[in-house]
Amino acid sequence: MYLEHFRLTELPFRLSPDPAFLYLSKEHARAKAYMESTIWFTDGFVIITGEIGSGKTTLIETFLRELEKDVVVAQVAQTQISPTEFLQTVLVQFGFSPFKMRKGELLATLNQFLVEQYAAGRKVLLIIDEAQNLSNRVLEEIRLLSGVETTKEKVLRIILCGQPELNEKLDSEELIQLVQRVRLRFHLTALSPEDTHAYVLHRLEVAGSHGRQIFTEDTYPVIFRYTGGVPRLINTLCDTAMMSAHVLERDKVGVEELNAAIEELQWVEFAARTNRMRAAMADMPAPRQVGFDQILARIIVAHAGEHVEERPLRPGRLIIGRTSDNDLQIDSKFISRHHCQIITNADGSVLEDLNSTNGVYLKSKRVRKHHLNDGDVIVLGKHEIMYLDERSARARAQHEGSGSHEVVSDEKARDKGERAPASRSN
């Protein structure tokens with residue numbers, strides 16, 4: 001990587017939510033304060049929303065890291081689950097093994113646990129990320145849980161974090177009772193141009209720049225123009241630009257290196273992504289007009305034949321490795337700290353080995369760099385990763401759809417007494 005080249009001690013623009021790198025803009029500081037208020041006030045939910053990549057998960061990790069020892073936490077991130085699965089997930093977080101319990105037993109166990117924790121002088125916090133994916137039935141279960149109380153106060157503190165769709169869901173008529181229990185509600189916006197500048201400098205400083213200029217001043221307006229102040233996009237662009245400067249043996253990242261990164265990522269300006277009909281982009285080839293949040297492919301992780309995890313791939317870089325600072329963590333002794341990466345853009349996805357000890361294998365052959373095809377199975381130690389290209393699936397669907405249309409046309413032709421073209425036999 002480029003650490004030695006730029007004399008840094010850590011990668012400054014990793015996509016993983018590392019609290020050490022949190023930049024507290026006024027908006028982020030306010031959202032964090034709302035989260036902290038749940039420890040002191042038990043009446044009602046706290047709702048934090050924000051766009052994809054706005055820093056919600058990093059805020060959560062920072063908030064959790066700073067909690068006192070008398071706070072017992074259940075953190076739920078897998079939210080496309082049934083009410084029973086949700087209750088089981090929460091109890092697992094609290095140290096139970098609830099998978100053979102019926103729903104009534106789950107509720108009774110959870111209620112008893114909450115009351116016992118209160119009696120022992122401990123606070124209990126339930127924090128749910130990606131809450132926009134929760135079904136109305138699960139949200140109703142959460143509302144009911146929030147009603148567990150002693151003679152003096154409620155005993156469960158609840159924070160829901162999610163994308164803007166969460167607000168739309170909460171405002172529906174079906175969830176009026178839940179919304180009435182919301183005490184604080186805050187939407188986390190993107191960074192301003194000034195905060196974008198400060199954000200980049202902050203992360204470089206944490207990574208060991210010691211005040212050295214790594215990005216030239218004229219790069220910051222360009223960074224903001226292509227990222228819109230979204231932290232995750234800033235990380236992706238700056239990381240790619242530093243890689244470009246490293247390859248070109250440049251001591252600083254200038255506009256030339258930044259433009260090379262933008263070309264590699266195949267990005268258009270942020271405003272054009274949110275307004276697809278913008279006239280300035282009318283002549284750009286369609287395959288290059290890819291929104292930063294568009295899912296282009298998926299990977300499915302398996303171990304010993306068992307499904308472990310599924311991840312969508314959007315434009316950008318996904319780093320896989322053993323430690324928590326990776327985008328996808330695989331905790332195995334056969335996996336290197338930073339094992340490999342998958343770079344996804346409009347044209348496809350490329351797998352690259354990051355000098356791992358045990359290597360990356362595809363069809364029993366070790367590969368250093370490979371353009372992934374739909375259905376490829378990557379082997380990392382004892383884990384397998386299947387790559388599924390959403391673009392291929394869409395192309396097949398369109399092809400099948402056009403085939404169906406031809407059949408209908410032939411049937412209409414026969415109904416009219418017209419002779420349809422004969423199909424050729426092999």
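## Cavities at a glance

The structure holds two cavities of 30 Å³ or more. A cavity here is a set of points, on a 1 Å grid over the protein atoms alone, where a 1.4 Å probe fits but cannot get out. Volume is the space filled by probe spheres set on those points, with points joined across faces, edges and corners.

A quick word on the model: it is predicted, so local features need pLDDT of at least 70 and side-chain atom pairs count only at pLDDT 80 or more, while totals for chains, interfaces and linings use all residues. Residues are numbered from 1 along each chain as its sequence is written, and side-chain values use heavy atoms, leaving out hydrogens and water.

## The largest cavity

The largest cavity comes in at about 80 Å³. Eleven residues line it (lining means having an atom within 4 Å of a point), and Phe13, Leu15, Asp239, Arg317 and Ile319 lie nearest its centre.

Helix H11 (231-247) and strand E8 (316-321) each supply at least two lining residues, and H11 gives the most, with three. Helices (H or I, at least four residues) and strands (E, at least two) are DSSP runs, numbered from the N terminus.

Val90, Phe94, Leu110, Leu126, Leu145 and Leu156 line it, giving six nonpolar residues and no polar or charged ones.

## The sheet with E8 in it

Strand E8 also belongs to an open sheet of five strands, ordered E9-E8-E10-E11-E14 with mixed pairing. Strands E9 (328-329) and E14 (369-371) stand at the edges with a single partner strand each, so one side of each has no neighbour in the sheet. Two strands count as paired if DSSP finds at least two bridges between them. E8 and E9 pair in the parallel sense over two bridges, and Ile320 has Leu328 in E9 as its bridge partner.

His370 sits in strand E14. The residue is buried (under 20% relative accessible area, with a 1.4 Å probe and protein chains only), at 19%.

The side chains of His370 and Asp376 are joined by a polar contact of 3.0 Å; the term covers a pair of N or O atoms within 3.5 Å, where, within protein, one must be able to donate a hydrogen and the other to accept it, and residues adjacent in sequence count only if both atoms are side-chain atoms. Leaving aside residues up to four places away in sequence, His370 touches Ser349, Val350, Leu351, Leu362 and Asp376, where contact means heavy atoms within 4.5 Å.

Conventions. On a 1 Å grid over the protein atoms alone, a cavity is a set of points where a 1.4 Å probe fits but cannot get out, and a pocket is an open set with protein on both sides within 12 Å along at least five of seven lines; lining residues have an atom within 4 Å of a point. Ala, Val, Leu, Ile, Met, Phe, Trp, Tyr, Cys and Pro count as nonpolar, Asp, Glu, Lys and Arg as charged, and the others, Gly among them, as polar. Buried means under 20% relative accessible area, exposed over 50%, partly exposed in between (1.4 Å probe, protein chains only).
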